[in-house]
Amino acid sequence: MSSLPFDPTPQALSRVDWTGTRAAGLARLEAFLPAAGAAYTRARNTDLGPDDRSNVSALSPWLARRLITEEEVVSRVMACHGFVKAEKFIQEVYWRSYWKGWLEMRPQVLTRFNQDRLALKQTVAEDPALAQRLARAKAGETGIACFDAWVRELTTLGWLHNHARMWFASIWIFTLELPWQLGADFFFKHLLDADVASNTLSWRWVAGLHTKGKHYLARASNIETHTLGRFNPAGQLAENALPLDEPFLQTGPGALPEREILFEERIGLLVHGEDLHPESLPLSAKVVGAGLLHVAEIGPADGAKNKFTRRAEQDACNRLEQAFGVEAPLMASLDEVLNWAVGLDVKEIATPYAPVGPIAWHVTDLKRALADQGIRLVQVRRSWDSRTWPLATGGFFKLKEKLPNLVRDLDRA
Ligand SMILES: Cc1cc2nc3c(=O)[nH]c(=O)nc-3n(C[C@H](O)[C@H](O)[C@H](O)COP(=O)(O)OP(=O)(O)OC[C@H]3O[C@@H](n4cnc5c(N)ncnc54)[C@H](O)[C@@H]3O)c2cc1C
């Protein structure tokens, strides 16, 4: 058992207040700032357990919905530590953008995942033995203490440390021999930070499908070291399993959609769960009406993830009202949005760009329906995304080597 590689930090940093508001996200950012430099570089890989998150930011739930933006997190960290000391942390924030850009240029990977996921649900329905193994894993009744504990953490709290996510996915795939797509589905239903790109592609990465033939194998000794001896599943893990393979899937990058521009002087503003910080959207026009498109989240209605989302959406509506001085209704159906848009008497509605995933599918339907009413729905893409996504044509390295330029240009964006 190794000792903690950094000084113990105050209680406020250890305990995370998982409230779905921008204020809670900003408070967590401020609490974590002193630890974002050398301490993060040294200690981030250790999973100290749910009562101590002092060695990582735990900002992912707020970043995933852009209650706080990548740009403000990186800018605050840079101001506090400078690039060199905070490079590791900054790299991690850019990993999120890398996965997004990678998937944006290869939406067929998500299509295949969704087809497989639905087909596998049918397979499970017809295979009682598989259904039982799956149910045991999801109930945290595998007899592998670390895995069972992470299941409880995931299903109650809605959050896991990055290393625990890697071990979890690896044990699911290689030891329990369950389909990775159903593991990704289970994560997505419960994670407060559920993100289509980071989640789907990380599961593919663990399985050995992202970098062909390179998989991630969870080892008991590594788990023991990086949980500071809380767990040691010696003899319980498949530590020599081979990477997964899959039928051919085209993963060459396609083109990114063109950036769209607003032409009108009066517009409506429609936000959604992919970007809940409308105050910082680059808008050139006067907002005469605002609203929020609610897209139902998968996962238990009264679970931590859905509670976080509901709070986050309400928080965004309140901020819309304050920032633009208009009423901001929360709308759950296409018809509601259409009526709202027509009532505004505008020719354009701006909405944050929705990366590939369920919200983007709703936005596409809405775009067509609004066009029938003579209203243009304009997807406004942030310069952060426009500058990072084109760098995700291959491996992360291409983006990583541009990091000094990317962060230097942040002030000028
Ligand atoms: C199987 C698996 C599934 C995952 N699913 C998700 C998901 O649905 N949503 C999600 O946001 N992250 C996901 N991740 C990535 C990563 O585990 C989390 O982003 C990270 O644990 C969040 O903790 P943190 O905020 O303390 O991160 P920190 O270590 O403090 O890093 C700061 C920020 O950088 C980003 N980041 C860090 N590591 C990664 C990474 N490996 N990939 C992408 N972004 C990263 C996050 O936005 C994070 O908040 C997954 C990883 C694995 C292995």
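**Inside the fold**

Reader: Leaving aside neighbours within four places in sequence, what is Y94 in contact with?
Author: Skipping those neighbours within four places, Y94 is in contact with V74, W384, T388, F396, L399, L403, L406, V407 and L410. Contact here is heavy atoms within 4.5 Å. Keep in mind that this is a predicted model, where local features need pLDDT of at least 70 and side-chain atom pairs count only at pLDDT 80 or more, while totals for chains, interfaces and linings use all residues. Residues are numbered from 1 along each chain as its sequence is written, and side-chain values use heavy atoms, with hydrogens and water left out.

Reader: Which residues of the largest nonpolar core touch the most other members?
Author: Y94, W150, F168, I171 and W172 do, in a core of 112 residues. A nonpolar core is a set of buried Ala, Val, Leu, Ile, Met, Phe, Trp, Tyr and Cys residues joined through side-chain atoms within 4.5 Å. Buried means under 20% relative accessible area, exposed over 50% and partly exposed in between, using a 1.4 Å probe and protein chains only. Helix α5 gives this core its largest share, 13 residues. Helices are DSSP runs of H or I with at least four residues, strands are E runs of at least two, and both are numbered from the N terminus. Another core, of 20 residues, lies apart from it, with L293, V295, A354 and L370 among them.

Reader: New topic: how many salt bridges does a search of the whole structure find?
Author: It finds 30. A salt bridge is a side-chain nitrogen of Lys or Arg within 4 Å of a carboxyl oxygen of Asp or Glu. One of them joins E72 and R22, whose closest N and O atoms are 2.7 Å apart. E72 sits in helix α5 (residues 70-104) and R22 in helix α2 (residues 22-32), so this pair ties together parts 50 residues apart in sequence.

Reader: Are E72 and R22 buried or exposed?
Author: Both of them are buried.

Reader: And what does D275 form a salt bridge with?
Author: R382, with the closest N and O atoms 2.7 Å apart. D275 is in the loop between β1 and β2, and R382 in the loop between β5 (376-380) and α16 (383-388), 107 residues apart. D275 also meets R66 in a salt bridge, at 3.7 Å from N to O. R66 belongs to the loop between α4 (60-64) and α5, 209 residues from D275. D275 counts as buried at 2% relative accessibility, R66 is buried at 6%, and R382 is buried at 9%.

Reader: Which residues are linked in a network of salt bridges?
Author: R66, E70, R96, K100, D195, E274, D275, R382 and D385.

Reader: Switching to α10: why is it largely enclosed by the rest of the structure?
Author: Because 10 of its 11 residues are buried. What covers the buried residues of α10 includes α6 (107-126), α7 (128-139), α8 (145-156), α9, α11 (196-207) and α13 (304-324).

Reader: Which residues in α9 meet which in α10?
Author: R165, F168, W172 and I173 in α9 meet W180, L182, G183, F186 and F187 in α10. That contact divides into seven nonpolar residues, one polar and one charged. Ala, Val, Leu, Ile, Met, Phe, Trp, Tyr, Cys and Pro count as nonpolar, Asp, Glu, Lys and Arg as charged, and the others, Gly among them, as polar.
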